[in-house]
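Let us take this model one label at a time.

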Amino acid sequence: MVNTENKTNRYGLVGKNISYSFSKGYFTQKFADMGLNDYSYENFDLQHINEFRELVRNTTGLKGLNVTIPYKEEVLPFLTGLDETAGQIGAVNTIKLRGEELIGYNTDAHGFQKSLEPFLAKHHTSALILGTGGASKAVAFVLRQLGMAFRFVSRNPTHNQMGYTEIDEETLERHQVIINCTPLGTYPNVAQKPPLPYPYLNKEHLLYDLIYNPSKTAFLLEGESRGATICNGLRMLELQAEKAWEIWNS
């Protein structure tokens, strides 16, 4: 076991129940490949966001953090500044530490846009965003940038949101891009999926799942079986991680 507390360049992921983390494996391998022996990446599993301040205060050598569910919005009051894009989105997944400053960024938007664009066709003009958490805010930001109309879908819909029971054949005809921003279907609960009328999907649809483990969720398999184009969240994660690394080193 490597003693990361002796490293002078420490990075990590803030979240809850994050033993599955993509980021730790990705950056640990990256540091090894680059010969960065004095760098480490750790999981900082917080049961409550109030533990964040103590984490930052007591972790020597901390240079940067990623943030995942459920803290992408809850971490905002602890930051001293926000990048313009993160401010517009209202959610943070990357933090740069510089002295007493903690600056929040959102690289999810970059990762999502660059991974989505290769799959878009001319008829993909309207989307359903499943879920209303921090990740869905970055997705909505990107769709606005691309000029694509969208509706949020929630288990507990508020103003301007749809409930799952409202989605019917006509809804899926009008919204041919469906983006899953919920954790439904994540390993080990691989049988779970958002409650949609899947038989109405067809080859015109594009299903994008932010989940990467498993590589084909039950949601994506439903789409694939009906001829839809599918994409998981792995490429998005790789792209957002590289953008975070760029920010930490700028």
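Q: What makes β1 and β2 paired strands in this predicted model?
A: Two strands pair if at least two bridges are found between them. Strand β1, residues 9-15, and β2 share 7 bridges, in the parallel sense. The two strands therefore count as paired. One example is Val14, whose bridge partner in β2 is Phe44.

Q: How do you know that α1 packs on the sheet?
A: Contact means heavy atoms within 4.5 Å. Helix α1 touches β1, β2 and β3. Its direction makes about 170° with that of β2.

Q: Which strands does α8 touch?
A: Helix α8 also packs on the sheet. It touches β1, β2, β3, β5 (94-98) and β6 (101-105). The direction of α8 makes about 150° with that of β3.

Q: What makes β1 and β3 a pair?
A: The rule again asks for at least two bridges. β1 and β3 have 5 bridges, in the parallel sense. Within β3, Gly64 stands opposite Tyr11.

Q: In what sense do β3 and β5 pair?
A: Antiparallel, over 3 bridges. Here Gly64 stands opposite Lys96 in β5.

Q: Why is the pairing of the sheet called mixed?
A: The open sheet has 6 strands, in the order β2-β1-β3-β5-β6-β4. β1 and β2 pair in the parallel sense, while β3 and β5 pair in the antiparallel sense. Both senses occur, and the pairing is mixed.

Q: Why are β2 (39-45) and β4 (81-82) said to stand at the edges?
A: Each has a single partner strand, so one side of each is left without a neighbour in the sheet.

Q: Why is β3 described as largely enclosed?
A: A residue is buried under 20% relative accessible area. In β3, 5 of the 6 residues are buried, so the rest of the structure largely encloses this strand.

Q: Why is Asn249 called partly exposed?
A: Partly exposed lies between the buried limit of 20% and the exposed limit of 50%. Asn249 has a relative accessible area of 43%, so it falls in between. Asn249 sits in the segment after α8. C-alpha to C-alpha, Asn249 and Lys96 are 9.1 Å apart in space, yet 153 residues apart in sequence.

Q: Which residues lie nearest the centre of the largest pocket?
A: Thr68, Ile69, Cys181, Thr182 and Pro183, out of 45 lining residues. The elements giving two or more residues to this lining include α1 (22-33), β3 (62-67) and α8 (234-248). The pocket's volume is about 1,300 Å³.

Key:
Residues are numbered from 1 along each chain as its sequence is written. This is a predicted model: local features need pLDDT of at least 70, side-chain atom pairs count only at pLDDT 80 or more; totals for chains, interfaces and linings use all residues. Side-chain values use heavy atoms; hydrogens and water are left out. On a 1 Å grid over the protein atoms alone, a cavity is a set of points where a 1.4 Å probe fits but cannot get out, and a pocket is an open set with protein on both sides within 12 Å along at least five of seven lines; lining residues have an atom within 4 Å of a point. Grid points are joined across faces, edges and corners, and a volume is the space filled by probe spheres set on the points. Helices (H or I, at least four residues) and strands (E, at least two) are DSSP runs, numbered from the N terminus. Axes are lines fitted to C-alpha atoms, for helices over the stretch in contact, and angles run from 0 to 180 degrees between N-to-C directions. Buried means under 20% relative accessible area, exposed over 50%, partly exposed in between (1.4 Å probe, protein chains only).
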